[in-house]
Amino acid sequence: MTLVPTIDPAACAAHGDCVDIAPSVFALDGDFAEVIGTDQDGVILAAAEACPSVAIVVTDEQTGEQVYP
Ligand code: SF4
């Protein structure tokens with residue numbers, strides 16, 4: 001499974017928790033985070049689950065299925 005994160009900029013509060021957990025995947029750009037790269041599925045999922053605003057949507061690249069939230 002290859003997980004792909006996307007960020008809802010309207011939901012993101014830019015606190016940076018996702019950047020702390022997955023600095024190769026997320027970066028803060030002004031008022032919200034953006035996806036800058038990738039990492040192992042577990043790291044992406046952990047960052048999404050740690051987002052206080054539930055602003056990170058994770059989908060399975062192969063199936064297109066939403067894995068989180
Ligand atoms: S953890 Fe969530 S709210 Fe915080 S910067 Fe990342 S996406 Fe935005």
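**Terms and values in a predicted model**

Reader: Why is D60 called buried?

Author: D60 has 9% relative accessibility, so it counts as buried. Buried means under 20% relative accessible area, exposed over 50%, and partly exposed in between, with a 1.4 Å probe and protein chains only. This is a predicted model: local features need pLDDT of at least 70, side-chain atom pairs count only at pLDDT 80 or more, and totals for chains, interfaces and linings use all residues. Residues are numbered from 1 along each chain as its sequence is written, and side-chain values use heavy atoms, with hydrogens and water left out.

Reader: Where does D60 lie, and what does D60 touch?

Author: D60 lies in strand β4, residues 56-60. Strands (E, at least two residues) and helices (H or I, at least four) are DSSP runs, numbered from the N terminus. D60 touches M1, T2, L3, E65 and V67, leaving aside residues up to four places away in sequence. Contact means heavy atoms within 4.5 Å.

Reader: How do you know that β1 and β4 pair?

Author: Two strands pair if DSSP finds at least two bridges between them. Here 5 bridges join β1 to β4, and the two run antiparallel. I7 stands opposite I56 in β4.

Reader: What makes β1 and β5 edge strands?

Author: The open sheet has 3 strands in the order β1-β4-β5, with antiparallel pairing. β1 and β5 (66-68) each have a single partner strand, so one side of each lacks a neighbour in the sheet. On average, neighbouring strands are turned by 35 degrees against each other, direction ignored. Axes are lines fitted to C-alpha atoms, for helices over the stretch in contact; angles run from 0 to 180 degrees between N-to-C directions.

Reader: Which strands does α2 touch as it packs on the sheet?

Author: α2 touches β1, β4 and β5, and its direction makes about 150 degrees with that of β4.

Reader: Why do the buried residues of α2 line one face?

Author: In α2, I44, A47 and A48 are buried. Seen down the helix axis, the buried residues fall within an arc of 100 degrees, so they line one face. The arc is that of the directions from the helix axis to the C-beta atoms. These residues pack against β1, α1 (17-21), β2 (26-29), β4 and β5.

Reader: What makes a nonpolar core?

Author: A nonpolar core is a set of buried Ala, Val, Leu, Ile, Met, Phe, Trp, Tyr and Cys residues joined through side-chain atoms within 4.5 Å. The largest one has 16 residues; I7, C18, F26, I56 and V58 have the most contacts inside it. Its largest share, 3 residues, comes from α2.
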